Amino acid sequence: AMPPSKKLKSKPISNPKKSRKLNYIPSKLGRKGDPRMHRALKARLDNPKLSLLDALTQGGFEFHWKDGISYDSDNVQLGQRKNQLSRRLRLYKQNQNHNKVEELEKRVNSALCKQN
């Protein structure tokens, strides 16, 4: 162990995300998240051929360029928004498949109970 006089003092780390102003009022109930992302998810589910950028734009995101990188009005990079939308699409599809498996299991169990 280091002697007390040699220990490093930690500095508080400022978190820029905490000071970011949101363009909506977060809900305390129900689904969490940005309503624009919910709309973008719906747009892409309704039209799978839609690009991620077009889905985000239809959802209400507005992007601007700064130093060769595209940011939205919350100063989140376009690439990060695309990744978030891709993740939500993947989770939605996984959940749909999970629900189909559960429904199939219920039918099989119901059929087996009727046989006995």
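This is a predicted model: local features need pLDDT of at least 70, side-chain atom pairs count only at pLDDT 80 or more; totals for chains, interfaces and linings use all residues.
Trainee: What share of the residues counts as buried?

Mentor: The protein chain has 116 residues, and 19% of them count as buried.

Trainee: What about contacts between residues 24 or more positions apart?

Mentor: They make up 45% of the contacts with a separation of 6 or more in the protein chain.

Trainee: On to the helices. How do H1 and H2 cross?

Mentor: Helix H1 covers residues 35-46 and helix H2 covers residues 52-59. Their axes come within 7 Å, and the crossing angle is roughly 130°. That makes H1 oblique to H2.

Trainee: Left-handed or right-handed?

Mentor: The crossing of H1 and H2 is right-handed.

Trainee: Which residues meet there?

Mentor: From H1 you have Arg36, Met37, Arg39, Ala40, Ala43 and Arg44, and they meet Leu52, Ala55, Leu56, Gln58 and Gly59 of H2. By class, the contact of H1 with H2 holds six nonpolar, two polar and three charged residues.

Trainee: What does Ala55 touch, if I skip residues up to four places away in sequence?

Mentor: With those left out, Ala55 touches Ala40, Ala43, Arg44, Leu50 and Leu85.

Trainee: Now H2 and H3. At what angle do they pack?

Mentor: The angle is about 95°, and the axes of H2 and H3 are 10 Å apart. H2 and H3 are therefore roughly perpendicular to each other.

Trainee: Who meets whom in H2 and H3?

Mentor: On the H2 side look at Leu52, Leu53, Ala55 and Leu56. On the H3 side, the partners are Leu78, Arg81, Lys82, Leu85, Ser86 and Leu89. The contact of H2 with H3 has seven nonpolar residues, one polar and two charged.

Trainee: That leaves H1 and H3. How do their axes cross?

Mentor: The axes of H1 and H3 come within 10 Å and cross at roughly 60°. That makes H1 oblique to H3. H1 passes H3 in a crossing that is right-handed.

Trainee: And which residues of H1 and H3 meet?

Mentor: H1 brings Arg36, Met37, His38, Ala40, Leu41, Arg44 and Leu45. They meet Arg81, Gln84, Leu85, Arg88, Leu89 and Tyr92 in H3. The residues of this contact of H1 with H3 divide into seven nonpolar, two polar and four charged.

Trainee: Which residues make up the largest nonpolar core?

Mentor: It has 12 residues: Met37, Ala40, Leu41, Ala43, Leu50, Leu52, Ala55, Leu56, Phe61, Leu78, Leu85 and Leu89. H1, H2 and helix H3 (78-115) are the elements that give two or more residues to this core.

Trainee: Which element gives the most to this core?

Mentor: H1 does, with four residues. As general background, nonpolar side chains tend to be buried together in soluble globular proteins.

Trainee: Changing topic: where is Asp67?

Mentor: Asp67 is in the loop between strand E1 (63-66) and E2. Its phi is near 55°, a positive value in a residue other than glycine.

Trainee: Is Asp67 buried or exposed?

Mentor: Asp67 is exposed, with a relative accessible area of 76%.

Trainee: And what is the phi of Asn75?

Mentor: Phi of Asn75 is near 60°, also positive in a residue other than glycine. Asn75 is found in the loop between E2 and H3. Asn75 counts as partly exposed, at 47% relative accessibility.

Trainee: Last one: where does Gln77 sit?

Mentor: Gln77 is in the loop between strand E2 (69-72) and H3. With a relative accessible area of 36%, Gln77 is partly exposed.

Trainee: What is Gln77 in contact with, neighbours within four places in sequence aside?

Mentor: Gln77 is in contact with Ile69, Ser70 and Tyr71.

Definitions and conventions. Residues are numbered from 1 along each chain as its sequence is written. Side-chain values use heavy atoms; hydrogens and water are left out. Axes are lines fitted to C-alpha atoms, for helices over the stretch in contact, and angles run from 0 to 180 degrees between N-to-C directions. Angles under 35 degrees count as roughly parallel, over 145 as roughly antiparallel, 65 to 115 as roughly perpendicular and the rest as oblique. A crossing is left-handed if the near helix is turned anticlockwise from the far one by less than a right angle, and right-handed if clockwise. Contact means heavy atoms within 4.5 Å. Ala, Val, Leu, Ile, Met, Phe, Trp, Tyr, Cys and Pro count as nonpolar, Asp, Glu, Lys and Arg as charged, and the others, Gly among them, as polar. A nonpolar core is a set of buried Ala, Val, Leu, Ile, Met, Phe, Trp, Tyr and Cys residues joined through side-chain atoms within 4.5 Å. Buried means under 20% relative accessible area, exposed over 50%, partly exposed in between (1.4 Å probe, protein chains only).
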